[in-house]
Amino acid sequence: MTIRVGSWSVRLAPRALLAGTALLVLACAVTVAALATGEYMVPVPDVVTAVFGQGTPVAEMIVAKLRAPRVVTGLLVGAAFGLSGAIFQSLTRNPLGSPDFIGFTAGASTGGIIAVVAGGSAMTIAGGALAGCVITAVLVYALAYRGGVQGYRLVLVGIGANALLLAVNSYLLTRANINDAATAGAWLTGSLSGRGWDHAGPVALALAVLLPVSAYVSRPMRMIEMGDDAARAMGIRVEAVRAVAIAAGVLLSGVATAAAGPVIFVALAAPQLARRLTRSPGVTMGASALTGAVLLTAADLAAQRLLAPTQLPVGVLTAAIGGTYLALLLRKDRH
Amino acid sequence: MATAPAKGSPLMASRLSGTSLTLAYDQRVVAAGLTVSIPDESFTVIIGPNACGKSTLLRALARMLKPRTGAVHLDGSVITSLPSKEVARRLGLLPQTSIVPDGITVADLVARGRYPHQRLMRQWSKADERAVSEAMRATDVTELGDRIVDELSGGQRQRVWLAMALAQETPILLLDEPTTFLDISHQIEVLDLCADLHEAGRTMVAVLHDLNQACRYATHLIVMRGGEIVAEGEPGDVVTPELVRQVFDLRCEIIQDPQTGTPLIVPEARRRVTASA
């Protein structure tokens with residue numbers, strides 16, 4: 001489907017539009033459900049009025065003050081993980097090339113644990129996670145660099161770094177005092193519990209800048225998926241595109257981990273689900289971000305309500321939901 | 001776009017040339033001091049034994065490999081000094097191997113060849129549409145348009161990659177071993193297609209393995225060995241038993257191809273078999 005206005009033209013895939021709309025509707029539905037349900041049920045119409053600041057004081061208190069920050073953080077963190085996963089899977093031409101497999105999330109964890117052990121506040125932990133992620137990425141990139149970075153080398157070096165960092169993380173936990181270890185352990189599972197606007201803010205800012213950047217490089221990235229030579233022959237400056245994409249992907253997974261801890265599986269599963277939903281033959285930035293947002297908020301909703309009043313960390317649920325769905329899709333693909 | 005210099009003059013500067021090229025991967029120097037020019041509107045075939053540097057030379061001409069010394073010139077400018085999209089509108093390359101994106105249709109893959117002509121807000125012009133349908137018609141893949149590329153046969157797939165390179169609409173097209181992995185009938189099919197494209201006015205440059213096929217299709221032959229150009233010219237003038245022995249270490253007899261009149265290499269048999277057995 002092509003839309004032409006004068007010399008301008010934009011190409012749209014109907015299937016991708018449909019999938020995008022469906023994901024958007026789903027995200028809204030999950031958001032409303034998360035805002036409405038809980039120990040104190042708020043009827044859906046009241047939720048809507050409360051969101052727009054017209055509701056009863058009680059509803060506004062619960063919806064806007066208590067529940068909204070958590071839901072919004074979930075949406076943003078999910079989107080950031082989904083986008084970051086899409087970027088790295090495309091760059092490495094490998095579904096396993098997502099930040100939680102190639103050491104970036106583990107590096108963020110190391111930074112976070114060090115901050116916990118150093119007795120840092122929530123903000124310090126977030127800062128430590130972001131720093132850990134960026135430092136790991138720089139090291140992995142430098143080690144994998146040989147006149148440019150090949151996808152498979154990034155994955156191999158990344159997997160090595162991941163193993164090393166996980167060992168470091170375990171070591172740090174065993175050396176920490178019991179209270180710090182418990183705090184770090186909870187953070188390491190990945191959780192949205194008690195997240196407020198100060199957690200959502202940095203992720204929102206990162207997405208506001210990096211989502212357009214990612215969308216801009218997605219066209220050349222789809223060409224690079226066909227091979228470096230093929231892309232270069234089309235006039236793409238492969239190394240430049242790759243550097244921008246890596247920077248965007250690292251920052252996204254860094255800020256997301258800083259906000260919610262290393263929630264696993266969203267970065268891995270979201271881009272794969274998005275590709276199958278849109279039937280797109282290449283990286284799909286918008287759909288991956290949306291899928292990540294839906295996946296994480298739905299998982300968080302389930303984590304809160306499934307065994308209520310017991311609250312599970314969302315990381316447990318993302319692994320369960322994402323993993324099951326992905327396994328089903330892969331099974332279908334084999335036919 | 002710069003206009004091609006007048007044809008026919010022996011001293012004309014060709015659109016694509018390399019001067020004093022030293023080509024190397026990491027520390028390994030493949031060729032040193034190579035100077036080559038591709039005659040305009042020729043079907044140039046680069047040939048030579050394995051590891052002679054023929055693909056390396058092609059990759060350097062296509063700016064895939066940066067020469068350590070020397071420079072590749074396109075239309076009089078150093079190729080790396082030109083905007084890369086601008087180069088991609090003049091010079092196309094079919095790499096030896098490319099990765100087929102998962103689940104892509106033939107029409108979508110061919111359409112990707114239009115990338116150098118597109119911008120963010122000009123993603124699909126009428127010219128794009130025309131170029132793609134023309135490329136698909138020329139390579140006879142129009143009927144395959146909605147098929148998934150992964151599900152095609154090797155020969156069909158190579159035609160689709162060629163269609164993508166054609167959709168790029170470059171006056172110069174470089175092909176790195178376009179017939180590898182194809183059976184003999186598909187090899188001929190692809191080479192016939194290349195000959196048609198040459199006929200239609202394109203400058204074609206291909207790396208080939210088969211000397212007989214090279215002799216048949218090339219209007220200009222570049223013979224390499226050990227990183228050096230050993231001989232260059234029309235196949236009929238260049239290919240001799242001495243050259244084949246020098247370049248390929250093969251004793252042979254050369255006869256006329258009964259179909260085309262071009263040289264046909266017949267390797268010497270180790271044991272002569274009596275004709276009327």
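Residues are numbered from 1 along each chain as its sequence is written, while chains are lettered from A and ligands numbered from 1 in the order in which they are written. Because the model is predicted, local features need pLDDT of at least 70 and side-chain atom pairs count only at pLDDT 80 or more, whereas totals for chains, interfaces and linings use all residues.

**Sheet and hairpin in chain B**

Helices (H or I, at least four residues) and strands (E, at least two) are DSSP runs, numbered from the N terminus. Two strands pair if DSSP finds at least two bridges between them. In chain B, six strands form an open sheet with mixed pairing, in the order E6-E7-E8-E3-E9-E10. Strands E6 (91-94) and E10 (228-233) of chain B each have a single partner strand and stand at the edges, so one side of each is left without a neighbour in the sheet. From one strand to the next, the twist averages 15°, with axes taken as lines fitted to C-alpha atoms (for helices over the stretch in contact) and angles running from 0 to 180 degrees between N-to-C directions.

| Strand pair | Sense | Bridges | Residues opposite |
|---|---|---|---|
| E3 (43-47) and E9 (220-225), chain B | parallel | four | Ile46(B) and Ile222(B) |

E11(B) and E12(B) form a hairpin, with six residues between the two strands. Gly261(B), in the turn, has a positive phi of about 80°.

**Annotated spans**

UniProt positions are given in the numbering used here, with feature names shortened, and annotations may be inferred rather than shown by experiment. An unreviewed UniProt entry lists residues 16-251 of chain B under "domain: ABC transporter". That span is 35% helix and 25% strand, and its end C-alpha atoms lie 34 Å apart.

For chain A, an unreviewed UniProt entry gives "transmembrane region" for several spans, including residues 71-89 and 151-172. Residues 71-89 of chain A are 100% helix and 0% strand, with end C-alpha atoms 27 Å apart. Residues 151-172 of chain A are 100% helix and 0% strand, and the end C-alpha atoms lie 31 Å apart.

**Contact between the chains**

Contact is counted where C-beta atoms, placed from the backbone, lie within 7 Å. On this basis, 21 residues of chain A are in contact with 25 residues of chain B. Strand E2 (8-11) and helix H9 (228-233) of chain A each supply at least two residues of the side of chain A that touches chain B. By class, that side of chain A has eight nonpolar, six polar and seven charged residues. Ala, Val, Leu, Ile, Met, Phe, Trp, Tyr, Cys and Pro count as nonpolar, Asp, Glu, Lys and Arg as charged, and the others, Gly among them, as polar.

Terms used:
Contact = placed C-beta atoms within 7 Å.
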